[in-house]
Amino acid sequence: MSLKKLLFIGHDANRAGAQYLLLHLLTYLRETGMQTGLVLSADGPLMADYERVTTVYRAFASGKANQSAGLPKRLLTKIGLKTTANGADNLPRLAELLQTLRAEQYDAIVANTIANGGLLRLLEPLGLPFVLYVHELETSIQIYTRPDDLTYELTYAAHVFCGSEAVQQNLIRHHGLNTANTSVLNSIIRTETLLTKLHAVDRQAVRQRLGISADAVVVGGCGNAEWRKGVDLFLLVARQVLNQRPDMHFVWVGVPDAGEETRRLRYDLDRMNMNDRVHMLPPGGDYLDYVACFDIFTLTSREDPYPLVMLEAGLNHNPVLSFAGSGGSSDFVGTDTGCLIPYADLSVMVTALIRLADNSDERIRLGAVFYDRALAHDVAVLAPKLLADLDTFVFHQPSSARYGNR
């Protein structure tokens, strides 16, 4: 048997790496003729983009979704179900969703991210085999899953695709999986779309808007303003670099206009007197405008599975610096580039940044290396592998091979 119709599930439609990855994949599958559907447990600004490329089923009450959550523990409330000690009562809303999905005759379910255990349990009456595509490391797993949901999805998944080797090793080390039922499938991007957007950016206009001269070296960072992403470390690196190279600029995309974390970051930035050199910008759909203006990209993340933005920076011909031991970025950056920094060693990162800022030829050379590495993540390269493996793991592996780890 071969797969003809796949049902994907996602935790929300917010603008973040896993959600964009899913959008890239669904767009490619539509273009290749694969029939797909998508069940979402929360709304978000990417909803219209999803609806353009697949059939979207809203597993939440219209107009009542919390766009910033999408967490399993809130899922039952979102879809209007009452909870009991054993889960959810079989109320009309769930019954209607199941009836609709059953009529579509999907072959299998692909759960994008590990945060979907609760939704998988609600869809269990469909009797469909499912696989996981996990993008989270342990901190996120502890935040975004419940123990019973996590146990269910890891026990009954036909296979677990891991966004990086770091993700795979974490699942093996902390959750009892093994190499027989896991495999690494690095993050997927749609290079043609991203390159078109990057090339269309008026870089000079964006720099002028930020007060950055055309010849200034810009160091970029991107991600939610949270401990895991290390925005505070980015500011400390900027402080040390600017002590030696006050002509440089630092831009971080992903800091909201308000909130406790934003207040703390602004507090530090004000006292460092760097507001004219360090630009903290809110998240939004135009983040690639700023990526297009970067000369060097830094990942100051303490924990990051395999962030899409480092691939986007690679497509922008940027050298990518990251901390060893912080997650999957080590696979991409590699030890051969001189850009893999000992974990949280800010002095080494500062030295590397100044070296690259002073040597445009080296930036160009490394930019070409990271560009080629990013191209290898194109959906046209990785999606066929995903589909072939899905067919093998879902239909051609005995159950003992699938579940032998539990």
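Reader: Hi! In what order do the strands of the open sheet come?

Author: Hello! In this predicted model, seven strands make up an open sheet, and their order is β3-β2-β1-β6-β7-β8-β9. The pairing is parallel.

Reader: Which are the edge strands?

Author: Those are β3 (55-58) and β9 (182-184), and each of them pairs on one side only. From one strand to the next, the twist averages 20°.

Reader: And what holds strands in a sheet together, in general?

Author: Strands of a sheet pair through backbone hydrogen bonds, and the pairing can be parallel or antiparallel.

Reader: Okay, back to β9. Over how many bridges does β8 pair with it?

Author: Three bridges, in the parallel sense, with β8 covering residues 159-162. If you want a spot to look at, find F161, which stands opposite S183 in β9.

Reader: Where does Q105 lie?

Author: Q105 lies in the loop between α4 (92-104) and β6 (108-112).

Reader: Is Q105 buried or exposed?

Author: Exposed, because its relative accessibility is 62% and the cut-off for exposed is over 50%.

Reader: What about N273 and its phi?

Author: N273 has a positive phi too, about 55°, although it is not a glycine. You'll find N273 in the loop between α12 (260-272) and β12 (278-281). N273 is exposed, with a relative accessible area of 65%.

How values were computed. Residues are numbered from 1 along each chain as its sequence is written. This is a predicted model: local features need pLDDT of at least 70, side-chain atom pairs count only at pLDDT 80 or more; totals for chains, interfaces and linings use all residues. Side-chain values use heavy atoms; hydrogens and water are left out. Helices (H or I, at least four residues) and strands (E, at least two) are DSSP runs, numbered from the N terminus. Buried means under 20% relative accessible area, exposed over 50%, partly exposed in between (1.4 Å probe, protein chains only). Two strands pair if DSSP finds at least two bridges between them. Axes are lines fitted to C-alpha atoms, for helices over the stretch in contact, and angles run from 0 to 180 degrees between N-to-C directions.
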